[in-house]
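Please walk through this structure with the text below, keeping the model open beside it.

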Amino acid sequence: MKKTLLCIVSMLLVVAMLISCAPKAAENPSTEQKPAAASNQNAPAAKTETKTEQSQPNAGTPKEGGVLKIAQLANVNDYSWYGGLALRDNCSLSFCMESLLEYDQQTGEIKPYLVDWYKMDETNMTLTMKAKEGIYFHDGSEFNAEVIKWCIEYYRDNSKYGTQYLGNVAEVNCLDKYTVEFKLSSQNIALLFNLTNRAGMMYSKQAFDTYGVDYTYNHPVGTGPFVFKEWIEDEKIVYEKNPNYWNGPVYLDGVEVHIYNESLVAQAAFEAKEIDVIYGENFELAPASDLKAAGYHWQPYAKSEQLYVVGFNCQDEDDPFHDIRVRQAVCYAIDSETINEQCNYGFATLTNQWALPGSPYYNPEVKGFEYNPEKAKELLKEAGYENGFDTQITFKYNDNLLELGTIIQGYLAKIGINVKLNRLESAAFVNKINDWDYGMILHTATYEPAVTTKFKGMYAKTVLESTALALGKGCFLHPDDLDAAVEGAVHSFTSADEQKHIREAQVLLQDKYVLWYPIFSLSDICFVQDYVKDWTYLDTGLFGEGSAHVWLDK
Amino acid sequence: MGSYLIKRILVSLVTVFLVTVFVFLIIRILPGDPALVMLGEGASPQKVAELRAELNLDKPLVQQYIIWIRDLLNGDFGVSVTYYHKQVADMIPSKVAATLSLTVPALLIAIIIGVFAGTVSAVKRGSATDQIVTVLSTSGIGIPAFWIAIFMIFIFAVKLKWLPIQGYTSPSADFQMYVKKAIMPVFCIALNFMATITRQTRSQMLEVINQDYIRTARANGLSEGRVITRHAIKNAAIPLVTVISLMFRMLVGGTIVIESVFNIPGIGAFALNSLMSRDYICVQAVTLIMALVTIFGNLFADIVFSILDPRIRERWAK
Amino acid sequence: MKNNESTSRSKFRIWRVFASRGLIAKISFFIILFFVAIAIIAPLFCQDPLEQDLLARYKMPSSEHLLGTDSLGRDIMSRIVYGTRISLLASLASGVFAAMIGITLGLIAGYYERFVGAIIMRLVDAHLSIPPLIFSMIVCAILGNGIWQTVVAIGIGMIPTYIRLVQGMVLTLKGNDYIVATSLLGQKNAVILFKHLLPNCFPTIIVQFTMNLGSAILSEAGLSFIGLGIVSPDISWGSMVAEGYSALVKVPLLAIMPGICIALVVIALNFIGDGLRDALDPRLRGKL
């Protein structure tokens with residue numbers, strides 16, 4: 001009798017201890033957020049600030065040696081340069097692969113990188129460029145016109161994004177050992193930009209010829225500052241210094257990208273200095289805000305701006321969302337401002353369209369929807385759904401989206417709409433992207449600065465006809481005026497023209513057709529230890545050079 | 001003995017066959033088109049059809065099953081749908097090794113501590129020790145392993161910083177680090193085993209202690225210690241076999257959540273990730289391997305213990 | 001007349017033996033009673049567990065929120081109480097589901113030993129060689145998220161234990177004289193199975209059922225923790241632990257409280273099971 005009582009009492013004591021040991025609650029998020037909000041208003045400006053902040057630790061001469069350890073919270077699937085688009089693969093690939101051109105985040109200019117120069121001839125519809133001499137792949141083969149021709153053609157013909165990015169490249173000819181000429185079938189203003197990305201990435205033709213296509217899935221062979229050494233599944237990817245790097249010097253001995261499953265664990269490892277960088281994809285905002293509060297240096301990854309949007313199934317006539325008033329009601333019922341203030345710890349930017357405030361693609365005339373649940377209920381009543389209805393929201397399974405989905409569920413419950421959470425694993429989600437049965441989709445879409453290509457993939461009728469899977473193919477409306485605006489942008493010859501068409505498309509998309517409800521925009525938040533210097537990849541997204549001159553001040 | 005062996009092996013083979021059919025069918029019920037998953041967004045319908053033909057998805061089920069079995073017998077477990085197009089057979093051994101490096105020590109610790117605690121508790125029945133052991137062992141069954149894992153991480157890794165939060169180092173690579181990282185996962189895995197074994201040992205020992213031959217041994221003047229070690233434990237051990245053979249399932253399949261929490265690249269985490277990615281080829285392979293380990297483990301244990309206890313053979317002869 | 005007397009006497013005896021197991025069994029009984037009670041009267045004293053208040057996230061325990069709020073500003077205590085409902089109901093439902101199918105199949109397997117029984121037992125062997133969580137995971141992946149899907153997934157996993165249990169007992173029992181006599185008298189097999197054999201299996205089944213309730217709760221918690229079982233707006237202890245895990249450093253209470261509840265209920269059920277087993281059939285002590 002006494003013993004059992006003792007056990008129970010001790011258990012209660014333990015519980016009491018835990019309750020009293022609980023640390024202070026998070027500081028009131030709104031006080032944290034206000035200073036950040038000011039700098040987030042104009043996204044490009046914010047990037048300049050962080051860029052100077054990052055380049056300030058330039059003080060001191062680079063020290064040689066050391067291994068950079070990066071924690072990545074997303075598992076790597078496909079390492080082939082032509083395979084996917086995934087940002088998680090880009091981070092690691094950036095150490096060993098390079099692209100033909102580079103995109104300057106500050107000026108928007110596209111500069112030559114692996115090539116000496118490039119020339120776009122609009123009258124003859126050709127793009128000519130000359131490869132830099134003296135660049136060698138990690139396996140010793142030379143980078144020249146033949147390699148460029150092979151890479152571009154292979155990407156165009158074999159990548160799932162080939163048509164989307166390089167579809168207008170009809171022919172590639174080698175004019176001499178180092179000069180290439182692309183013959184274009186039509187104008188695509190995004191072509192040059194695409195060549196700064198995976199589409200322009202150069203893989204060793206010799207490696208492909210020697211080992212075959214299966215080799216490329218897990219052996220990147222490029223021209224970059226580090227050489228791929230090994231890949232232990234679910235654990236880490238290891239790179240070694242490239243002693244013959246053409247754009248040297250390379251200070252580090254190597255780089256390791258470790259795969260982590262839990263944000264909490266990555267946070268602890270970072271605080272313990274076991275890892276030097278947290279690469280932000282899938283890194284939850286709560287531990288991120290803890291690290292930010294603790295004073296660690298953080299910055300958003302420039303090329304990972306993602307728009308958190310709700311999409312509607314408008315095509316299906318049985319679906320309540322077929323009626324534009326229902327879509328508008330949902331837009332009025334969700335309070336994106338409060339969500340952004342309370343849940344994002346100041347990391348995200350509020351926006352009501354597919355562009356960041358301050359970007360040339362942003363149209364201030366888009367009215368958007370303020371939070372007004374009364375109006376939402378009125379609209380539902382008008383549409384004949386006074387008592388609400390049942391629907392579902394489909395999304396890819398990760399914790400951020402689960403929380404957001406639950407919040408949306410809560411808001412819509414207030415106006416009588418019962419939302420079921422349909423969360424799918426990434427593989428199953430991929431199958432649902434073009435037709436998510438009914439209801440809504442909650443998606444994180446990469447967009448800035450490649451808004452034109454994104455719109456082309458979703459609204460251009462010519463593209464939709466030739467692909468099996470495209471976001472919203474079976475669910476969205478594909479009206480002619482939207483198609484015309486997007487095609488107009490794609491076929492523009494100047495950036496100004498392109499941006500004008502896109503701004504037109506924004507108004508159509510958000511105010512006229514209400515295909516989406518944008519909630520906020522967030523890039524992956526990366527944390528970098530103070531002793532990591534000169535890693536500009538996060539600012540520029542530039543493959544190769546962005547990661548070449550990193551050094552550790554230890 | 002011979003007929004028992006043959007019977008027992010035949011039964012195992014039938015079970016193996018049933019498991020293969022079951023695994024084959026159940027994976028095909030999983031929603032999602034694997035070819036579409038592999039090629040992803042933006043793939044052309046023609047490429048999808050080509051891949052389906054390549055994966056034999058357009059053939060009738062029976063033919064697909066036969067092709068699969070034929071490949072299995074050749075050691076080809078298939079090429080993963082989502083994991084970088086690698087041969088599944090290449091990926092599995094290291095993962096099984098990682099899991100076993102944790103479950104085997106856990107099971108050993110559980111057996112040693114469990115048998116000891118159960119014996120002591122039975123011998124000192126009714127005393128304070130017995131009460132505490134009973135309460136602890138029944139509690140050990142009830143506490144969810146993943147929750148204890150989180151709790152331990154919170155106390156030992158986050159607050160006290162004595163142990164690393166997660167991860168796995170192979171014992172051959174760095175033994176000291178392996179031990180440090182293995183302490184928490186091994187404890188969490190062992191907890192449930194320990195509790196069950198303690199309870200079972202205790203009840204078995206209680207039964208045995210009350211038997212006539214024990215009384216006789218005591219009456220003959222044997223010391224209590226000798227009585228326990230010479231007679232009681234040996235006889236109580238054999239029914240423990242049933243319990244331990246149930247544990248075979250757990251050797252490879254019971255660590256999914258623990259591996260997920262501690263980020264251990266073992267077979268359980270691999271099964272979970274493959275299932276979540278709808279990588280049906282991997283799920284098939286992993287489930288089958290786990291089932292085979294269990295079936296052959298049980299077969300081996302049964303044969304060994306049938307040598308020790310002829311009564312088992314007799315039961316089978318019926 | 002005589003039958004009634006003996007059953008009422010035996011029920012009384014069951015309670016007496018159960019109660020004599022000691023304070024632990026009594027405490028466990030009251031713990032379960034307590035959880036069932038709060039689950040039933042939940043709406044009377046709890047706030048809406050789904051009510052979100054984004055301005056009140058992660059608040060510490062206060063007079064308004066006795067255990068604080070979670071990541072969406074929902075009251076933790078209400079969520080635990082409502083989670084009790086679903087956890088208890090789901091485990092009960094899966095136990096009943098497994099028992100009904102398992103007992104029937106077990107009876108058939110034991111009685112028709114030669115052919116049907118052999119097939120059923122081999123299927124059971126095959127089922128038992130697949131690790132239980134993997135099995136439930138696959139079923140959940142096929143069926144999707146939700147309460148009844150989880151019930152089926154967990155229930156299916158528990159069926160083989162019932163089959164083996166009942167089959168073993170039927171094998172022993174059917175050799176008894178009165179069973180042989182009844183069948184010789186021409187009684188239909190179904191009647192023999194359900195009217196004569198089944199009642200003799202009840203004590204063991206009840207003990208197994210109680211133990212299974214506990215493991216069902218653990219399975220549901222594990223499944224929900226890895227994201228497969230219960231999903232919002234339904235609340236379960238396992239999904240609460242999963243939600244709380246990411247806020248472990250900020251507000252450890254979120255993950256720890258539901259875990260304590262799971263542990264308390266499962267341990268209590270185990271003690272009750274032990275007590276019932278001793279009361280109903282002490283011979284089973286080594287076997288269950």
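**Where the chains meet**

In this predicted model, 44 residues of chain C are in contact with 48 residues of chain B, where contact means heavy atoms within 4.5 Å. The model is predicted, so local features need pLDDT of at least 70, side-chain atom pairs count only at pLDDT 80 or more, and totals for chains, interfaces and linings use all residues. Residues are numbered from 1 along each chain as its sequence is written, chains are lettered from A and ligands numbered from 1 in the order in which they are written, and side-chain values use heavy atoms, with hydrogens and water left out.

The size of an interface is often given as the accessible area lost when the parts come together. Chain C and chain B bury about 4,100 Å² between them, and carbon and sulfur atoms carry 79% of that. Buried area here is the accessible area (1.4 Å probe) that two parts lose on being put together, summed over both.

Side chains of opposite charge can pair when their charged atoms come close. The rule for a salt bridge asks for a side-chain nitrogen of Lys or Arg within 4 Å of a carboxyl oxygen of Asp or Glu. Across the interface of chain C and chain B this rule finds one salt bridge. B:Arg199 and C:Asp274 form a salt bridge, with their closest N and O atoms 3.0 Å apart.

Chain A also meets chain C: 34 residues of chain A are in contact with 29 residues of chain C. The area buried between these two chains is about 2,800 Å², and 66% of it comes from carbon and sulfur atoms. How many salt bridges does the rule find across the interface of chain A and chain C? The count is one. C:Arg57 and A:Glu403 meet in a salt bridge through their side chains, at 3.6 Å from N to O.

**Chain A as a whole**

Chain A has 22 helices and 21 strands. Helices (H or I, at least four residues) and strands (E, at least two) are DSSP runs, numbered from the N terminus. Of the 554 residues of chain A, 61% count as buried. Buried means under 20% relative accessible area, exposed means over 50%, and partly exposed lies in between (1.4 Å probe, protein chains only). Among contacts in chain A between residues at least 6 apart in sequence, 72% join residues at least 24 apart.

One loop of chain A gives a local example. A:Asp104 is found between strand S2 (101–103) and strand S3 (110–112) of chain A. Is A:Asp104 buried or exposed? With a relative accessible area of 18%, A:Asp104 is buried. Leaving aside neighbours within four places in sequence, A:Asp104 is in contact with A:Glu109 and A:Lys111. A:Gln187 is 83 residues from A:Asp104 in sequence, and their C-alpha atoms are 22 Å apart in space.

**Rings**

A pair of aromatic rings is described by the distance of the centres and the angle of the planes. Rings of Phe, Tyr and Trp (its six-membered ring) pair if their centres lie within 6.5 Å; planes under 30 degrees apart count as stacked, over 60 as edge-to-face and the rest as tilted. Over all chains, a search of the whole structure finds 44 aromatic pairs. The rings of A:Trp535 and A:Tyr537 have centres 6.0 Å apart and planes at 25°, so this pair is stacked. Both A:Trp535 and A:Tyr537 are buried. Ring pairs link these two residues into a cluster whose members include A:Phe95, A:Phe226 and A:Phe543.

**Salt bridges within chains**

The structure holds 26 salt bridges over all chains. In chain A, A:Glu133 forms a salt bridge with A:Lys130, with the closest N and O atoms 3.4 Å apart. A:Lys130 has 18% relative accessibility, so this residue counts as buried. A:Asp157 and A:Arg156 also meet in a salt bridge, at 3.2 Å from N to O. A:Asp157 counts as partly exposed because its relative accessibility is 43%, whereas A:Arg156, with a relative accessible area of 18%, is buried. In chain C, salt bridges that share partners join C:Asp70, C:Arg74, C:Arg79 and C:Glu243 into one network.

**A covered helix**

Helix H12 of chain B spans residues 267–276 and is mostly covered, with nine of its ten residues buried. Among the buried residues are B:Ile267, B:Phe270 and B:Met276. B:Arg278, which follows H12(B), has a positive phi, near 55°.
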